[in-house]
Amino acid sequence: MQLLLIASVLFTACCAAPQDLSGKMFTFPVESKVARARLLPSGNNFTSATVCLRFFTDLTRNYAIFSTASTVNSNDFLIFKNADKGSFLVNIRSQSSTFNGLPDEPNTWYSICSTWDSNSGLVQVWINGNPSTRKIGFKGNLVGELNIVLGQEQDSVDGGFNAKQSFVGMITDVHMWDYVLSACEIQRFANDLNFTPGDVINWRALDFTIVGDVVIEDSQTNGCFH
Ligand SMILES: *[C@@H]1O[C@H](CO)[C@@H](O)[C@H](O)[C@H]1NC(C)=O
C-alpha cells in the first residue's frame, strides 16, 4: 500500500501523461504575475518554427500571447501584442519584428499564427488566415531547452513576470511545428479544418502544468456548431 502510494506520487510528479485538450480552452480570468500554463515542447534545436493558437481578450494594454525563454535568451519565441492598435511583435532570440495594421477588436476570437525561418530570417504573422507583411528576424538555429509559458511574459526561465504584461482572456488550440507551415495549412488551422497537429506542441496531446488561476473549460470558439 505504502509502495503503491509512493509510486503514484512519483508518477504524478514526474511524468503526467499528455492530455487531449480538444474542445477545451485555458481561461485566464484575472490579471496577475503568477497565473500561467507551462507547456513542455519536444525538441531543443530548431531551424524554423510555426506557432498557432486562438485567443480572446478585452485587453487594450500590451500583453504576451506566447512566451518562450531558455537560459540563452528570455525572448526565444515571443508573440506579443503592443498597446498600439493593430500592432503585434514577434521576438525570436531577441530579434524583434513589428507588424502593424492587423485586426485586434476586443472580445473577438482570433486565430494567430507566426512563422519563422532561420535561413532567410523571415518572420510573418497570420491573423484569421490573413498574412502580414514578411519581416526580417533572427538568422540562426534556436538551440536550448525552451520553456513555453501562456499567460505571462518571461524575463527569465519561468520568471521575471509583470502583471501589466499578463494575458487575461481565453486561449485554445495551441500548436507548434518545427517547420514553416504553408499558407494553405495556416488557412486550414484558421478555419478549424483538418490540419496536421503540431510536432513540438500538440493541443491534442499536451504536456503542461498550471500555476495559479487558470481554468480549463469547454471551448467557446465554435458555439453550437461543433
Ligand atoms: C543543431 O542542429 C544543427 C543541424 O541543423 C547541427 O548542426 C547542430 O550541431 C545542432 N546543435 C546542437 C547543440 O545540437
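The paragraphs below go through the ligand site and then several salt bridges of this predicted model. Residues are numbered from 1 along each chain as its sequence is written, and side-chain values use heavy atoms, with hydrogens and water left out. Local features need pLDDT of at least 70 and side-chain atom pairs count only at pLDDT 80 or more, while totals for chains, interfaces and linings use all residues.

Around the ligand stand Asn 45, Thr 47, Asn 141 and Val 143, each with a heavy atom within 4 Å of it. A polar side-chain atom of Asn 45 lies 2.4 Å from an oxygen atom of the ligand, and for Asn 141 a side-chain N or O atom is 3.5 Å from a ligand oxygen.

Elsewhere, the whole structure holds 11 salt bridges, a salt bridge being a side-chain nitrogen of Lys or Arg within 4 Å of a carboxyl oxygen of Asp or Glu. One of them joins Arg 61 to Glu 31, with the closest N and O atoms 2.8 Å apart. Arg 61 is buried at 17% relative accessible area, whereas Glu 31 is partly exposed at 35% (buried means under 20%, exposed over 50%, partly exposed in between, with a 1.4 Å probe and protein chains only).

Another salt bridge pairs Arg 54 with Asp 173, their closest N and O atoms being 2.7 Å apart. Arg 54 is buried, with a relative accessible area of 6%, and Asp 173 also counts as buried, at 11%.

Lys 81 and Asp 104 meet in a salt bridge at 3.0 Å, N to O, and both residues are buried. Through shared partners, salt bridges join Lys 81, Lys 85, Asp 104 and Glu 105 into one network.

Technical notes
A polar contact is a pair of N or O atoms within 3.5 Å; within protein, one must be able to donate a hydrogen and the other to accept it, and residues adjacent in sequence count only if both atoms are side-chain atoms.
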